[in-house]
Amino acid sequence: MYRYIIRRLIAMPLLLLGIVSIAFLITHFTKGDPLISIIGERQMDNPVVIAAARARWGLDRSLPEQYLIYVGSLLTGDFGTSLRTKQGVGRDLAVRLPATLELVIAAMLLGSLVGITLGVVAARYRDRAADHLARLFALIGSSLPVFWSGLILLFIFSVQVHLLPGPGRLDARTTAPPIVTGFYTLDSLFVGDLSTFAEAITHLILPACVLGWTVMGLVSRQVRASMLEVLHQDYIVAARAKGASEPRVLVNHALRNALIPTLTVIGFSFAYLITGAVLSETIFSWPGVGSYAVDATRSLDYPAIMGVTIVGGTAFLLTNLATDIGYAFVDPRIRFR
Amino acid sequence: MASAAPALAAAVRPRWLTTPVVLGGLIAVFWISVALTVGWWPIHDAFLATGGRLGPPDATHWLGTDKLARDVLSRTLHGAQYSLPIGLAVIASAVAIGATLGAIAGFVGGLIDAAIMRLVDVTLSFPAILLAMAVTASIGPGLRNATIAMIIVWWPNYARLMRAQVLAVREREHVEAAIAAGASAPRVLVRHILPLCWSPILVNATMDFGQVVLQAASLSFIGLGASPPTPEWGQMISEGARNFYQWWIAFGPGMAILSVALGFNFLGDGLRDILDPRTQ
């Protein structure tokens with residue numbers, strides 16, 4: 001198994017380089033002139049301004065040169081400067097990453113818990129009404145455009161019934177807790193500010209539900225399938241014969257084994273959650289990487305687009321690696337060549 | 001023998017013909033016929049003002065009107081004319097490119113295989129939406145470019161699928177027999193291997209269709225796809241987001257996307273049951 005892990009780790013730098021190269025190629029074979037977004041259309045017939053901007057942003061060099069410079073500065077953690085915010089893309093992303101992570105982790109927890117429950121119920125009541133309902137509910141989640149369900153749920157729960165707050169991570173007048181982790185829920189607890197904590201949680205509920213719903217289907221489908229496989233086995237019959245209660249059989253005996261393949265699915269659901277974050281952060285005015293990506297593409301801010309694409313790809317790659325390795329540890333039957 | 005009727009019906013009805021499959025089929029037929037014929041329907045104009053602005057649903061405007069007083073229901077139905085052809089173009093091109101490259105990779109092997117599959121690996125290591133956004137931003141916003149971007153994002157899935165299929169079928173005895181009989185390599189691939197490789201591709205393509213429609217709407221929602229006044233679903237939802245308190249503006253197009261994604265998912269499930277009797 002260690003050889004498998006080592007081989008996967010060796011492939012990582014190559015895949016990362018591939019990601020960087022593709023992101024660079026995509027953003028540099030562009031039809032639109034990046035100069036327009038730098039100096040604005042009005043200055044485009046002023047040769048002095050154009051020459052200055054070219055030199056300033058390194059656009060006077062050849063493409064291979066630009067590539068080497070970009071990769072070189074990436075190695076020192078420098079993602080270049082955003083054309084829109086005029087700040088380091090790396091810094092922009094670092095400021096916004098905790099917001100997205102807090103949202104994605106909350107969504108992952110919610111999606112997994114509900115997904116596992118639905119999967120168990122569906123397997124227990126196979127081919128009956130509860131099974132069909134659980135599967136339909138999960139399938140709707142993966143067919144919903146999050147930017148729409150977010151809109152509708154926001155309208156219902158914050159405008160119509162006033163149960164949950166509007167968009168944003170906190171109310172407009174609340175000051176953010178001092179940054180330790182960047183997660184408002186944790187940071188407010190660190191300084192003992194319970195009212196800010198409650199506010200952060202209530203603001204998190206709606207976007208996390210919308211996002212979590214998208215991955216419920218993946219999780220519940222896997223749980224249902226592995227539960228059905230497990231429920232036929234002798235040791236389940238033995239547990240029932242011993243007189244174990246039905247919940248105990250389902251949770252302690254069946255689910256424990258059914259969860260192993262589910263771990264993989266939960267890990268891979270990360271990709272869907274990134275997609276969801278990109279599309280729902282705008283709706284919820286969530287100041288994360290997703291809304292940054294949308295703003296960057298809207299204003300054709302190429303350094304920022306490159307940075308976001310590279311960070312997203314890297315995050316995706318690392319989660320998949322962690323999932324695969326975790327799976328190898330959890331299930332001792334797996335031996336990779 | 002009153003109880004015999006349902007039992008007989010169950011025996012005659014094929015196993016794959018379930019309620020979801022019927023529902024999925026109805027949804028698909030509905031949207032396809034809307035896309036083909038909506039121009040002749042006796043409904044409000046999709047581009048012109050036909051009443052008051054931002055009017056809630058009533059007897060004349062079943063789904064209300066938007067900021068420019070256009071009928072939301074009519075615009076939602078016209079949206080099928082954009083979303084379905086885009087979905088078809090993306091899936092057809094992605095399957096054509098992916099299946100060809102995947103078949104070559106699996107059949108030829110060696111360096112060509114390695115080169116194609118590394119490209120597949122790297123492309124698949126981006127979250128799809130980010131890659132689609134970067135490509136569209138780079139070649140310029142618009143429906144046509146968003147379609148191209150989605151083809152770039154989707155083909156590797158089919159390459160991976162096709163390659164795995166070819167590798168599996170290649171080992172079968174009838175292929176060995178064909179080679180022994182002196183068939184040329186292209187003939188072995190096209191006549192003896194490929195015909196057995198299509199089922200999973202067809203199933204996935206059906207299921208992916210809904211997801212492509214959803215992704216196209218996402219790109220339009222961000223502002224990279226359709227632009228006003230096109231009645232495209234994602235574009236309409238972004239108009240709805242700007243008129244947050246008039247919930248009906250986004251309601252129709254959202255339901256349309258949901259129904260297409262759900263419907264094709266159901267259909268794909270049914271198709272899998274037909275084509276692969278081993279599952280279930």
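**Loops, chain B and a helix pair**

Mentor: Start with B:Pro229, which sits in the loop of chain B between α9 (198–222) and α10 (233–242). Bear in mind that this is a predicted model.

Trainee: OK. And what is the peptide bond from B:Pro228 to B:Pro229, cis or trans?

Mentor: The bond joining B:Pro228 to B:Pro229 is cis, and its omega is near 5 degrees.

Trainee: Stepping back, how many helices and strands are there in chain B?

Mentor: Chain B has eleven helices and zero strands.

Trainee: What box do the C-alpha atoms of chain B fill?

Mentor: Roughly 75 × 70 × 30 Å, taken along the principal axes.

Trainee: And how many of its residues count as buried?

Mentor: In chain B, 48% of the 280 residues count as buried.

Trainee: What about contacts, which share comes from residues 24 or more positions apart?

Mentor: For chain B, 68% of the contacts with a separation of 6 or more are between residues 24 or more positions apart.

Trainee: Back to backbone angles. What is phi of B:Ala69?

Mentor: Near 65 degrees, which is a positive value in a residue other than glycine. B:Ala69 lies in the chain B loop that runs between α2 (19–37) and α3 (72–108).

Trainee: Is B:Ala69 buried, exposed or partly exposed, and what is the count?

Mentor: B:Ala69 is partly exposed, because 15 other C-beta atoms lie within 10 Å, and buried would need 20 or more.

Trainee: Now chain A. What is phi of A:His162, and where is that residue found?

Mentor: A:His162 has a phi of about 50 degrees, positive although the residue is not a glycine. A:His162 is in the loop of chain A between α7 (146–160) and α8 (184–190).

Trainee: Buried or exposed?

Mentor: A:His162 is exposed, because it has 8 other C-beta atoms within 10 Å and the cut-off for exposed is 12 or fewer.

Trainee: Last topic, helix packing. How do α5 and α9 of chain A cross?

Mentor: The axes of α5 (residues 89–124) and α9 (residues 194–231) of chain A cross at roughly 35 degrees and come within 5 Å. The crossing of α5(A) past α9(A) is right-handed.

Trainee: Which residue classes make up that contact?

Mentor: The contact of α5(A) with α9(A) has 23 nonpolar residues, seven polar and one charged.

Definitions and conventions. Residues numbered from 1 in each chain as written. Chains lettered and ligands numbered in written order. Predicted model: local features only at pLDDT ≥ 70, side-chain atom pairs only at ≥ 80, totals over all residues. Helix = DSSP H or I, 4+ residues; strand = E, 2+ residues; numbered from the N terminus. Contact = placed C-beta atoms within 7 Å. Axes fitted to C-alpha atoms, helices over the stretch in contact; angles between N-to-C directions. Left-handed = near helix turned anticlockwise from the far one by under 90°. Nonpolar A, V, L, I, M, F, W, Y, C, P; charged D, E, K, R; others polar.
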